[in-house]
Amino acid sequence: MDATNTQLRQDASEAEMPCMAAKPQQEHAWLSRMVGEWTYEHECIMGPGQPPMQSSGSESVRSVGGLWVVAEGSGEMPGGGPATTLITIGYDPQKQRFVGTFVGSMMTHLWIYEGALDPATNVLTLDAEGPSFSGDGTMAAYQDIVEIRSDDHRVLRSRVRGPDGTWNEFMTGHYRRKR
């Protein structure tokens, strides 16, 4: 009986090892370029005919095991008021896609990301679904687009797909590494 239980435990451990012994890949190395301390300036378009709103803050990005980045932001929302955000992004080799989440202190929706790098490996486009700006309870397609311009500068653009299928950019953020 003991030999059978020992073999079952060994078989279970070996079966679990592939998912428990992940090694960072080139996509994880791309994400690691975001690790560090950053300041940001955002410009948001709040609606048709309204002037853009400015906001600023800081972000701390850390690595989790070389496989994930966790970014915690703190600043002001466009129009005022404090905001805290938390983003996780990793790469899933089985899906061959980047995956992650976004939450913010200003909303109750959990954003689920899935996306890919462009062929030049400078731009990561993350797709998500979230509440429509219409306020009618419907959902809309969104994209957060991360472009690494240099080791010390990255840009985040957010856009929503309109009912006609066109993408409408509503936020641009410039992140600069703290010195």
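**Figure 1. Arginine 154 lies over the face of tyrosine 175 in this predicted model.** The distance from arginine 154 to the ring centre of tyrosine 175 is 4.4 Å. Arginine 154 also lies over the face of tryptophan 38, at 4.5 Å from that ring centre. Tyrosine 175 counts as buried, because its relative accessibility is 5%, under the 20% limit for that class. Tryptophan 38 has arginine 177 as its bridge partner in S10.

**Figure 2. Tyrosine 40 and tyrosine 175 form an aromatic pair.** The ring centres of tyrosine 40 and tyrosine 175 are 5.4 Å apart. The angle between the planes is 40°, and the pair is tilted. Tyrosine 40 belongs to strand S1 (residues 36-44) and tyrosine 175 to strand S10 (residues 167-177), so the pair connects parts of the chain that are 135 residues apart in sequence. Is tyrosine 40 buried or exposed? With 9% relative accessibility, tyrosine 40 counts as buried.

**Figure 3. Strand S1 pairs with S10 and with S2.** S1 and S10 are joined in the antiparallel sense over 7 bridges. One of the residues to look for here is tryptophan 38, whose bridge partner in S10 is arginine 177. S1 and S2 also run antiparallel, and 9 bridges join them. In S2, serine 55 is the bridge partner of histidine 42. As a general rule, side chains in a regular strand alternate between the two faces of the sheet.

**Figure 4. Strands S2 and S3 run antiparallel.** Strand S2 covers residues 53-64, and strand S3 covers residues 68-76. How many bridges join S2 to S3? The two strands are joined by 8 bridges. Valine 64 stands opposite tryptophan 68 in S3.

**Figure 5. Tryptophan 30 and phenylalanine 98 form an edge-to-face aromatic pair.** The two ring centres are 6.3 Å apart, with 70° between the planes. Tryptophan 30 is in helix H2 (residues 26-32), whereas phenylalanine 98 is in strand S5 (residues 97-104). The pair thus links distant parts of the chain, 68 residues apart. Tryptophan 30 is buried, with a relative accessible area of 6%. Phenylalanine 98 is buried as well, and its relative accessible area is 2%.

**Figure 6. Four aromatic residues are linked into a cluster by ring pairs.** The members of this cluster are Trp111, Phe133, Tyr142 and Phe170. In the whole structure, a search finds 7 aromatic pairs.

**Figure 7. The strands form a closed barrel.** Its 10 strands run in the order S1-S2-S3-S4-S5-S6-S7-S8-S9-S10, with antiparallel pairing. From one strand to the next, the twist averages 25°. The protein chain has 2 helices and 10 strands, and along the sequence these follow the pattern α-α-β-β-β-β-β-β-β-β-β-β. Of the 179 residues of the protein chain, 32% count as buried. The accessible surface of the protein chain comes to about 10,800 Å², and 54% of this surface belongs to carbon and sulfur atoms. Among contacts in the protein chain with a separation of 6 or more, 33% are between residues 24 or more positions apart.

Technical notes
Residues numbered from 1 in each chain as written. Predicted model: local features only at pLDDT ≥ 70, side-chain atom pairs only at ≥ 80, totals over all residues. Heavy atoms only, no water. Pairing = 2+ DSSP bridges. Helix = DSSP H or I, 4+ residues; strand = E, 2+ residues; numbered from the N terminus. Axes fitted to C-alpha atoms, helices over the stretch in contact; angles between N-to-C directions. Buried < 20%, exposed > 50% of the residue type's maximum accessible area, 1.4 Å probe, protein only. Contact = heavy atoms within 4.5 Å. Areas by Shrake-Rupley, 256 points an atom, 1.4 Å probe, with all protein chains shown as cover. Phe/Tyr/Trp six-rings, centres within 6.5 Å; stacked < 30°, edge-to-face > 60°. Lys NZ or Arg CZ within 6 Å of the ring centre and 35° of its normal.
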